[in-house]
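Open the model in a viewer and keep the selection tool at hand. The tour below goes from stop to stop, saying what to select and what is there.

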Amino acid sequence: MKFPYSEKVLDHFKNPRNVGKIENPDGKGLEGSPACGDMVAVYLNVNPETLVIEDIKFESYGCASNIATASIITEMTKGKTLDEAKNISWKQATEELGGLPTVKAHCSVLAVEGLRAAIRDYEEKHGLVSEKETTTEEVVRRRLKHVMNPMAGLDIIRTELVTKIEINEGSVRILIDLPSDHQFASAIKEDILEKVESLWDIEEVNVVFTE
Amino acid sequence: MEDKTAYFDNSASTRLDERVFEAMKPYYFDTYAVATSEFAYSMGIDAKEALEEARSTIADSLNASPGEIVFTSGSTESSNMAIKGVTSALKNKGRHLIVSKIEDFPVLNTAKSLEKQGFEVDFIEVDDTGRLNTEQLAETITDETVLVSIQHANQEIGTLQDLESISSICREKGVLLHTDATHSFTRVPIDVQQIPVDLITIASHTIHGPRGVGGLYIRKGTPINKWMDGGFQEFNLRAGLENIPGAVGFAKAVELVTEEENKQIKALRDHLIERISSEITDVILNGSKEHRSPHNANITFHYVEGESLTLHLDMRGFAVNTGSACFSRSLEASHVILGIGGDHERAHGSLRFTFSRYNTLEETDTIVDAIKEIVAQLREISPLYEKK
């Protein structure tokens, strides 16, 4: 029998490491993707002197890729500084796992985002974040790098699905080079809305598909 | 490991019955000619006889006449043929089509494809058990309506529609009715003398028959155009070489389904639902309790995700299906669960169990035991589950 998952993914799925909650954590991140319905929570305890992650735990309401990625990033980040942990990419995590099916990329990205959200939470609570920046095309582009193109397993920026980004007084218009009835259109749209709507100075997001 | 799989995905496909295989064999090795007229060579005449005998058996199971059954390559083709064939024949009458929101893809996507060609299509709502709002149906029918297509049993939640009321509404309004009975055929019999439905999609792969074989019942006198060009087979309605071993196997599969067996399957299914509902907290039975095909159970386990659940079950030798978006190729949650007013979360943790002739009480008990352990384990790591 052949699973679409590597031995290592299956191992982390069956026996996830560092599972659970930390009571009163120093940092907490909860990320959910409406595109697939998965959620992941990451809890951190950080040494305030050295900014080293001393303890990390996660919870998952998700599929195998989500659980396995969350599990491996807890192993990869324990004992690392926040800056080191922040730089662990989704790609490194999946490589560490021996690869993931491309269509499952967005479930696993969620785990990495959960980690980053927990770090951001810590930094915000401890006065380590600078002023809010105004949303520019570049800011939106950066966010869209976290939206997966399930056909390629890479983000929609790198796979050139985004043909235009327009920002006008709190409203963003994003043009996607896919027909609106494409099998992944609604999943991609939901994912984009989720990533962009949360920008502090954005009130409206329009995702436009080609006909 | 393969042969030990306890298989609970019988609405997707079933194991072929050996008796069906034996019945089919001679039509591959001995009587392999095409069906010919009675003036041709004997092998062709024998083949023709076998085909017509199979047709009679299928017709009997619906209380129809043999001339009202056309063999096809399966339910997808049958539903395409029914909808495209009738709308084409009645194009001068109108261009309005009605289907339910929770149809399976052959009907749903045929309707969407006609919509693109300029047809007006209404997708009728269902209630939270999956039953159609018949009043809404009656109000939606107009002079332009050429066909109503409402399934008999739902593919995911097993809900049975009230075909009697639906067919009498259609009769009263003078509109033709097609029903996709892929997931009820022989499990919940339809008598076409009692229920005035005009076209019925049926399939063989759900009842231990060969896959790639199906049929369409077409009530005598129903206007329908041929939609696939070719030869003159099947009353000049379905072109292409007849699949005689397939038809013979299909007929044998129909013969083998008994009332007794349907009762046994239902008893196993009820046992599974009963045990899960009483032994696991925070579960919902999706679909209707009373109006349900006997072999289907569909249950949502809150706070866990379906793909994780099916993968754990697979590793322990059980095959089940889920409505979770993670499991689907399009990454979309089940349109059926969403259609009965469920949210993404309800689809996310839903499992479909479909039973067959070969399921046993023992494996039904062991799958429940396994689910109890796995659900507890997954809830333990779920951020949504409040530990009690």
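A residue is called buried when its relative accessible area is under 20%, exposed when over 50%, and partly exposed in between, using a 1.4 Å probe and protein chains only. This is a predicted model, in which local features need pLDDT of at least 70, side-chain atom pairs count only at pLDDT 80 or more, and totals for chains, interfaces and linings use all residues. Residues are numbered from 1 along each chain as its sequence is written, chains are lettered from A and ligands numbered from 1 in the order in which they are written, and side-chain values use heavy atoms, with hydrogens and water left out.

**Stop 1: salt bridges**

Side chains of opposite charge can pair when their charged atoms come close. A salt bridge here is a side-chain nitrogen of Lys or Arg within 4 Å of a carboxyl oxygen of Asp or Glu. Over all chains, the structure holds 39 salt bridges.

Select Arg219(B) and Asp198(B), whose side chains form a salt bridge at 4.0 Å, N to O. This pair links distant parts of the chain, 21 residues apart: Arg219(B) is in the loop between β8 (214–218) and α8 (233–236) of chain B, and Asp198(B) is in the loop between β6 (176–180) and β7 (199–203) of chain B. Helices (H or I, at least four residues) and strands (E, at least two) are DSSP runs, numbered from the N terminus. Arg219(B) is buried, at 17% relative accessible area, and Asp198(B) is buried at 4%.

Next, select Asp181(A) and Lys116(B), which meet in a salt bridge at 2.3 Å, N to O. The pair crosses between chains, from Asp181(A) in the loop between β7 (171–179) and α7 (185–196) of chain A to Lys116(B) in helix α5 (residues 105–116) of chain B. Lys116(B) counts as exposed, with 65% relative accessibility.

Now move to helix α6 (residues 137–144) of chain A, where Arg141(A) and Glu137(A) lie 4 residues apart, about one turn of the helix. Their closest N and O atoms are 3.0 Å apart, in a salt bridge. Arg141(A) is partly exposed at 27%, and Glu137(A) is partly exposed at 39%.

To see a network of salt bridges, select Asp17(B), Arg19(B), Arg187(B), Glu261(B) and Arg357(B) together.

**Stop 2: positive phi**

Most residues other than glycine have a negative phi. Select Leu51(A), where phi is positive, near 55°. Leu51(A) sits in the loop between β2 (39–46) and β3 (53–61) of chain A, and is partly exposed at 29% relative accessible area.

Then select Thr186(B), another residue that is not a glycine, with a positive phi of about 70°. Thr186(B) is in the loop between β6 and β7 of chain B and counts as buried, at 12% relative accessibility.

**Stop 3: a covered strand**

Which residues point one way from β3(B), and which the other way? Select strand β3 (residues 96–100) of chain B, where 5 of its 5 residues are buried. His96(B), Ile98(B) and Ser100(B) point one way, while Leu97(B) and Val99(B) point the other way.

Two strands pair if DSSP finds at least two bridges between them. To end the tour, select Ser100(B) and its bridge partner in β4(B), Ile124(B).
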